[in-house]
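Dear colleague,

Here is the structure I said I would pass on. My notes on it follow below.

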Amino acid sequence: MASIEIYTKEWCPYCAKAKALLRSKDLTYREIDVTHDEALEHEMLERSGRRSVPEVFIDGELVGGYDDLAELNAGGELDRRLGLHTRADLARVYDVAIIGAGPAGLAAAIYASRKNLSTVVIALDVGGQVGTTREIANYPGYEIITGPDLVQRFSEQVTGHEVERLLGERVTGIDVSERVRRIRLASGRDVCAKTVILATGVNKRRLGIPGEKELTGRGVVYCSTCDGPLFKGLPIAVVGGGNSALEAALEMEGIAAKVYLVARAGLTGDEILQDKAMGSPRIETLIGCEPLEIHGEDRVEALTVRDAGSGQTRRLDVRGVFVEVGLFPNTDFLLDLVETNESGEVRVGPHGQTGVRGIFAAGDVTDSHDKQIIIAAGEGARAALGAFEYLLKQV
């Protein structure tokens, strides 16, 4: 069996996602917690050359962070490398296939199973955006709970039902030409089901500028909670103007030597957060500035921005670029299948119907106005009940 090592931090949600993915495959691994150990943190930096967590090694070879592990897994390469085989019955025709394992997908799985429908959940990981949320204070039943802990509660409840899981899989398309829907996976496998619930959620936007992809994990980060402490005493830039960007800037003001808040469209977050950021002597807010390029060979060395008003450019001497520019719906494989709005969100009816027979949608991937955990969970339950009613009426 291959030797798997993973460097983690206690509060890192992507570390939790990586460990959950490995556990879902019954893989054992050696966890190296660098939260309070500078020597181990230095060891991780020396071995990986990357200032981010998690960092995963297989037989001493660097895989990378969570996104790298998930990509390796989604294409089937991780299974091939480790000699693994899927446990789900791919020859079976399920009553319901749920794509996504965030609050909407997991709630749908619970309700579908309770209706005695054969159910499979297909997802890249468990939890979605909730799994990367540090604290949740508005979910009924909990005064305050972390995102990973809430996801764990959801997941444990699903485990108590007869639900198959295909984790680490990326869906590339759905064939609806026949009565049984065929879901195609990036790993080359297919899953068949009579109904499908789309609960694919949203993902973080990228900047799409030179240097971003090349320096991801080497100073370009997408989670201040995970990677912020690794930039202690270093200058950083936070790109974005919404709540997530403001929260990241305020979180980093006590860690970084200097924080530049680059808000190309102005500040749009809550006023209380705006006031705190604008009043901080360690945060320099650059409103109306557009990021142009991230510079660096092996690590981030600078960020060039351009003032939209004057057209002048400025080179910021930073060692980290924290990207917080919003979210986009995970509908890339659905655009030719279901109707979407101008933002790419799936249009749904009152019971989660998409307009395609047997295809339902729920949660943040839909055009539902309010993106809240409790609403996503409710929509997942409603979509499952809609699928049950649909199946009852089929001859």
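A nonpolar core here is a set of buried Ala, Val, Leu, Ile, Met, Phe, Trp, Tyr and Cys residues joined through side-chain atoms within 4.5 Å; buried means under 20% relative accessible area, with a 1.4 Å probe and protein chains only. The model is predicted: local features need pLDDT of at least 70, side-chain atom pairs count only at pLDDT 80 or more, and totals for chains, interfaces and linings use all residues. Residues are numbered from 1 along each chain as its sequence is written, and side-chain values use heavy atoms, leaving out hydrogens and water.

The largest nonpolar core has 48 residues, and Val53, Ile236, Val238, Val259 and Leu261 have the most contacts inside it. Helix H8 (residues 243–252) supplies the largest share of this core, six residues. Helices (H or I, at least four residues) and strands (E, at least two) are DSSP runs, numbered from the N terminus. A second, separate core has 36 residues, among them Val158 and Ala376.

Strands E3 (residues 55–58) and E4 (residues 61–64) pair in the antiparallel sense over three bridges; pairing requires at least two DSSP bridges. They form a hairpin with two residues between them, and Asp59 in the turn has a positive phi of about 50 degrees.

Regards

Definitions and conventions:
Buried < 20%, exposed > 50% of the residue type's maximum accessible area, 1.4 Å probe, protein only.
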